[in-house]
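Hello,

Here is the structure I promised to pass on.

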Amino acid sequence: MAEDIHPDPSLIGGVPTPPIAFLPEPIKLFQTRARRFAFLAESNALAPYLTFLAALSKLQARLAATLPPVAAPAPMPIARARAAMPPIDRAAHAGDPELGATLAALLEGAVEIVMPEPARLALDAVRAASDDDRQWLLSNILSDQIPDDSAAPHLFVAAAVQVHMARLAAMLDAQTLVPVGFGLCPACGGRPATSSVMGAQGIENIRYAACACCGTQWNEVRVKCLCCGSTKGVSYRSVETTEATVKAEACRECHAWVKIFYQVKNPSLDPIADDVGSLGLDILMKETEFRRGGFNPYLTGY
Ligand SMILES: [Zn+2]
Ligand SMILES: [Zn+2]
């Protein structure tokens, strides 16, 4: 054996701690998502809807690149930090004029997009909505609550909120984030759409949940329910029997399930686009006693 072989110092004492979170890079986030939606539309029964979401994501990328800079989130009050609350207080943003301007720009830009008729009617309705009605829509999205009977108008408002919150989250310092509760985004307190077992070097096989609101991805241990935090009674189901890259992580404790993506097998999987693209798994899970726990405004009502 060669004598000049030394152990890698970074491996002494075990695996290094994975970063708690990856903050979004808004322009890249939405550009990547737009390309993925467009790709998924090529071979999917939902093609018209996925093509529309590709165009909407492209518009989000354009807004992230061209809107005036947003004011950095205020330094977190000490009481909030002590209470392990996320630095972005989403509830306080319902009346934020910068968010209102982002919504107005998104509604304006969306007029040019080809979309299914129900989406077109919803867009017209939100464009004509009073300030009070827009406030109501924004408050629902900022608290992850979408009434089933008005999913379509909320979709446009959610897209605007994603742009604004991703731009805010991008200005945070990931090092200062701390866990804020079972399965909640440490940047904004939002719920995850899905989680992914990563494939990138240095974080292989580590799981990160993706915030449906601000796009932050945060570390969660594997085989743990993202809805109640239970590590007991977690099981996996998929449409494909072997080599599935998308599975339902189902919890017997709270009867919720959330999609888990294996980026380690397919690095192109997008936490939001592939959630819509894998609707077949939602249909499969509807036949079970489990309810969907992942939050995705693009899937409400499906
Ligand atoms: Zn978030
Ligand atoms: Zn659970």
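Below are my notes on the metal sites and the aromatic contacts.

A word on conventions first: this is a predicted model, in which local features need pLDDT of at least 70 and side-chain atom pairs count only at pLDDT 80 or more, while totals for chains, interfaces and linings use all residues. Residues are numbered from 1 along each chain as its sequence is written, chains are lettered from A and ligands numbered from 1 in the order in which they are written, and side-chain values use heavy atoms, with hydrogens and water left out.

Let me start with the zinc ion (ligand 1). Its donors are Cys185 (SG), Cys188 (SG), Cys211 (SG) and Cys214 (SG), at 2.3 to 2.4 Å. (Donors are N, O and S atoms within 2.8 Å of the metal, or 3.2 Å for Na, K and Ca; water is not among the atoms, so sites may look incomplete.) The angles among the four donor atoms run from 97 to 116°, and the site is tetrahedral, which for four donors requires all angles to lie between 85 and 135 degrees. Along the chain, the donors of this ion are spaced C-x2-C-x22-C-x2-C. Cys185 and Cys188 are both buried, where buried means under 20% relative accessible area, exposed over 50% and partly exposed in between (1.4 Å probe, protein chains only).

The zinc ion (ligand 2) is held by Cys225 (SG), Cys228 (SG), Cys251 (SG) and Cys254 (SG), at 2.3 Å. Its site is tetrahedral, with angles of 105 to 113° among the four donor atoms, and its donor residues have the spacing C-x2-C-x22-C-x2-C. Cys228 lies in the loop between strands E4 (217-219) and E5 (234-237) and Cys254 in the loop between strands E6 (246-251) and E7 (256-262), so this pair ties together parts 26 residues apart in sequence. (Helices, H or I with at least four residues, and strands, E with at least two, are DSSP runs numbered from the N terminus.) Cys228 is partly exposed, at 25% relative accessibility.

Now the rings. The whole structure has four aromatic pairs, meaning rings of Phe, Tyr or Trp (its six-membered ring) with centres within 6.5 Å; planes under 30 degrees apart are stacked, over 60 edge-to-face and the rest tilted. One of them is the tilted pair of Tyr49 and Phe52, at 6.1 Å centre to centre and 45° between the planes. Phe52 also pairs with Phe156, with centres 6.0 Å apart and planes at 55°. Phe52 belongs to helix H2 and Phe156 to helix H7 (residues 151-169), so their contact ties together parts 104 residues apart in sequence.

Best wishes

Methods: Tetrahedral: all angles 85-135°; square planar, octahedral: opposite > 155°, others 65-115°.
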